[in-house]
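Please look through the sequence and the structure shown below before reading on. The paragraphs that follow lead from the whole chain to its parts.

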Amino acid sequence: MTLHPPWTPSDAVGEALHVLRMSGTFYCRSELGAPWGFTLPAMPGCLWFHVVTAGGCLLEVGDGVRELGEGDLVLVPRGEGHVLRSDPGAASPSILAIPHDMPDSRYAVLRHGGGGTPATMVCGAVRFDHPAARTLVGLLPDLIHVPVSPLTDRLRDTLRLIALEVEELRPGGEAVITRLADVLVIQAIRTWMETDAAARTGWLGALADPQVGRALALVHRDPARDWSVAALAGEVAMSRSAFAARFTALVGEPAMAYVTRWRMHVALDRLAGGDTVARIGTDLGYRSEAAFSRAFTRVVGEPPSAARRTLAARHDLSQWEAAR
């Protein structure tokens with residue numbers, strides 16, 4: 001008999017957060033003096049974050065303006081271009097045109113502005129590697145602003161650690177800041193999931209369901225397994241019909257359609273990484289390369305070989321990386 005650990009709704013959500021493994025594209029510590037401003041470029045596929053460690057500023061994204069104070073954290077989940085500045089009307093040249101000190105290839109120190117009221121920030125752009133993480137990020141709002149409040153004590157502990165490293169950059173400080181920033185992004189997303197009603201609907205709401213959430217986590221963890229509706233229902237101790245109806249109602253598509261689509265998310269990642277079509281098909285449980293290719297074409301809309309060419313064409317350096 002196979003024994004499974006007990007699962008709760010929060011554990012299933014935790015499974016989604018567990019795969020928020022980030023590859024840091026770039027991090028920057030900014031020492032600013034009013035008046036100052038700069039424009040961040042759009043970086044599709046990346047999440048921008050900004051931590052105000054001292055002082056304050058204005059954030060302009062789309063048609064909105066958000067005032068940020070010391071200790072505030074903001075995420076721009078889908079990498080839209082935006083502006084940070086000390087005061088309305090302060091000049092905001094492209095960040096790419098402002099000189100940086102570069103302790104290493106992924107970390108910069110920016111000193112900028114007119115020498116007036118000081119502000120310090122830690123900013124960065126990160127990518128998410130796992131398909132579940134990108135699905136989750138795609139469901140986030142256009143902007144997540146986490147102001148200092150009693151609800152964010154743990155997040156504030158991380159902010160304080162970042163602020164200490166910013167104040168006195170010691171040997172290895174860049175590595176500490178980048179790792180703390182990764183933790184901070186996860187904490188911010190978790191805070192949003194716990195406090196925003198929008199996080200309790202659709203795919204995210206399904207993750208929080210005791211039975212369907214566990215089934216989703218099992219599929220994410222082992223997409224190659226020979227899943228069936230009956231097998232998934234058995235894993236979560238539900239009848240086949242009740243599970244099928246509940247899964248479709250919460251996720252928005254039948255269980256086996258989700259399993260297949262999820263496998264193709266994984267396959268796209270593997271293609272981008274250079275794996276062969278035959279190896280990917282075998283690893284995802286298909287009995288032949290032809291069977292895998294048919295399923296892939298049906299879901300993605302083009303055969304694996306064409307998808308590989310499409311992915312290669314998109315694999316250009318970002319504006320920021322090119323400027324470096």
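Among contacts in the protein chain between residues at least 6 apart in sequence, what percentage join residues at least 24 apart? The share is 73%, where contact means heavy atoms within 4.5 Å. The model is a predicted one, in which local features need pLDDT of at least 70 and side-chain atom pairs count only at pLDDT 80 or more, while totals for chains, interfaces and linings use all residues. Residues are numbered from 1 along each chain as its sequence is written, and side-chain values use heavy atoms, with hydrogens and water left out.

The protein chain contains 13 helices and eleven strands; these are DSSP runs numbered from the N terminus, with at least four residues (H or I) for a helix and at least two (E) for a strand. Of its 324 residues, 46% are buried. Here buried means under 20% relative accessible area, exposed means over 50%, and partly exposed lies in between, with a 1.4 Å probe and protein chains only. The accessible surface of the protein chain is about 15400 Å², and 54% of that surface belongs to carbon and sulfur atoms. Such areas come from the Shrake-Rupley method with a 1.4 Å probe; for residues, only the protein chains shown count as cover.

Consider next an open sheet, which four strands form in the order 2-7-4-5 with antiparallel pairing. Two strands pair if DSSP finds at least two bridges between them. Strand 2 (37-40) and strand 5 (64-68) are at the edges and have a single partner strand each, so one side of each lacks a neighbour in the sheet. On average, neighbouring strands of this sheet are turned by 20 degrees against each other, direction ignored; the axes are lines fitted to C-alpha atoms, for helices over the stretch in contact, and angles run from 0 to 180 degrees between N-to-C directions.

Strand 4 shows how this pairing works in detail. Four of the five residues of strand 4 are buried. Five bridges pair strand 4 with strand 5 in the antiparallel sense: L58 stands opposite E67 in strand 5, and V61 has G64 as its bridge partner there. The hairpin of these strands has two residues between them, and G62 takes a positive phi near 60 degrees. Strand 4 is also joined to strand 7 (residues 82-85) by three bridges, again antiparallel, and V83 in strand 7 is the bridge partner of E60.

The loop between strand 3 (46-54) and strand 4 (57-61) holds G55. G55 is partly exposed, with a relative accessible area of 32%. Leaving aside residues up to four places away in sequence, G55 touches G69, E70, P118 and A119.

Attention now turns to the interior. In soluble globular proteins, nonpolar side chains tend to be buried together. A nonpolar core is a set of buried Ala, Val, Leu, Ile, Met, Phe, Trp, Tyr and Cys residues joined through side-chain atoms within 4.5 Å. The largest such core has 63 residues, of which F49, L75, L216, F243 and F292 touch the most other members. Helix 4 (residues 173-195) gives the most to this core, with nine residues. Apart from it lies another core, of 27 residues, including W36 and F38.

Finally, helix 9 (residues 255-272) has 18 residues, which at 1.5 Å a residue should span 26 Å; its end C-alpha atoms are 26 Å apart, which agrees. The expected span is 1.5 Å times one less than the number of residues. Among the buried residues of helix 9 are Y258 and W262. Just after helix 9, G274 takes a positive phi of about 100 degrees.
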